Amino acid sequence: MTTASHPAQHHVMGLTLHNTALVLGWVFLAVGVLGFIPGITSNYGAMTFAGHDSGAMLLGVFQVSVLHNIVHLLFGAAGLYFARTGRMARGYLIGGGAIYLVLWIYGLITTSNMSADFVPMNAADDWLHLVLGVVMVALGLWLGRDAREESKGRAM
């Protein structure tokens with residue numbers, strides 16, 4: 001295999017499985033923390049632990065609750081942990097992306113009066129979940145070529 005065709009050499013702007021999972025982990029941690037800061041989260045006093053009736057809005061756009069913020073913190077911590085190896089980072093990106101795609105579908109089918117609606121989400125959250133899901137899965141597959149190539153090389 002030539003160096004020019006090896007996927008490990010195709011890192012655009014430092015995009016590697018490790019870096020991507022690490023950056024996303026820090027972003028999710030920041031979003032989780034920001035969700036608990038009055039002013040950055042508007043209607044902070046209307047935040048509930050869970051449920052569709054939380055009136056708190058991160059950046060005045062995304063509906064959040066205490067549970068929603070905790071999930072962001074945990075997802076961020078997972079990103080930092082799974083960034084340790086290429087294989088784990090690939091799993092985080094693809095698995096996390098799949099979770100966000102499921103959340104997108106969940107947001108589309110639940111309405112605010114359903115008992116299944118325990119995570120406050122609005123249309124902005126739904127669109128963000130779709131974009132996050134598609135981008136994370138795509139990056140995991142695209143950048144994951146490195147991990148697949150390395151494991152193929154060791155098997156030969």
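Why does I37 count as partly exposed? Select I37 and colour by accessibility: its relative accessibility is 31%, so I37 falls in the partly exposed class. The cut-offs are under 20% relative accessible area for buried, over 50% for exposed and partly exposed in between, with a 1.4 Å probe and protein chains only.

Before moving on, a word on what you have open. This is a predicted model, where local features need pLDDT of at least 70 and side-chain atom pairs count only at pLDDT 80 or more, while totals for chains, interfaces and linings use all residues. Residues are numbered from 1 along each chain as its sequence is written, and side-chain values use heavy atoms, with hydrogens and water left out.

**Around I37**

Show the cartoon, and you'll find I37 in the loop between α1 (17–34) and β1 (41–42). Helices here are DSSP runs of H or I with at least four residues, strands are E runs of at least two, and both are numbered from the N terminus.

**Zoom out**

Back to the whole protein: count 5 helices and 3 strands, running α-β-β-β-α-α-α-α from the N terminus on. Of its 156 residues, 35% count as buried. The accessible surface comes to about 8500 Å², and 72% of that belongs to carbon and sulfur atoms; the areas come from the Shrake-Rupley method with a 1.4 Å probe.

**Into the rings**

Next, select F28, F75, Y81, F82, Y92 and Y100, which ring pairs link into a cluster. Rings of Phe, Tyr and Trp (its six-membered ring) pair if their centres lie within 6.5 Å; planes under 30 degrees apart are stacked, over 60 edge-to-face and the rest tilted. The structure holds 6 aromatic pairs.

Start with F28 and F75: their ring centres are 4.8 Å apart and their planes at 80°, so this pair is edge-to-face. F28 lies in helix α1 and F75 in helix α2 (residues 66–82), so the pair ties together parts 47 residues apart in sequence. Both F28 and F75 are buried.

Keep F75 and step to Y100. Their ring centres lie 5.2 Å apart with planes at 90°, so they too are edge-to-face. This pair links helix α2 to helix α3 (residues 86–109), with F75 and Y100 25 residues apart. Y100 is buried, as is F75.
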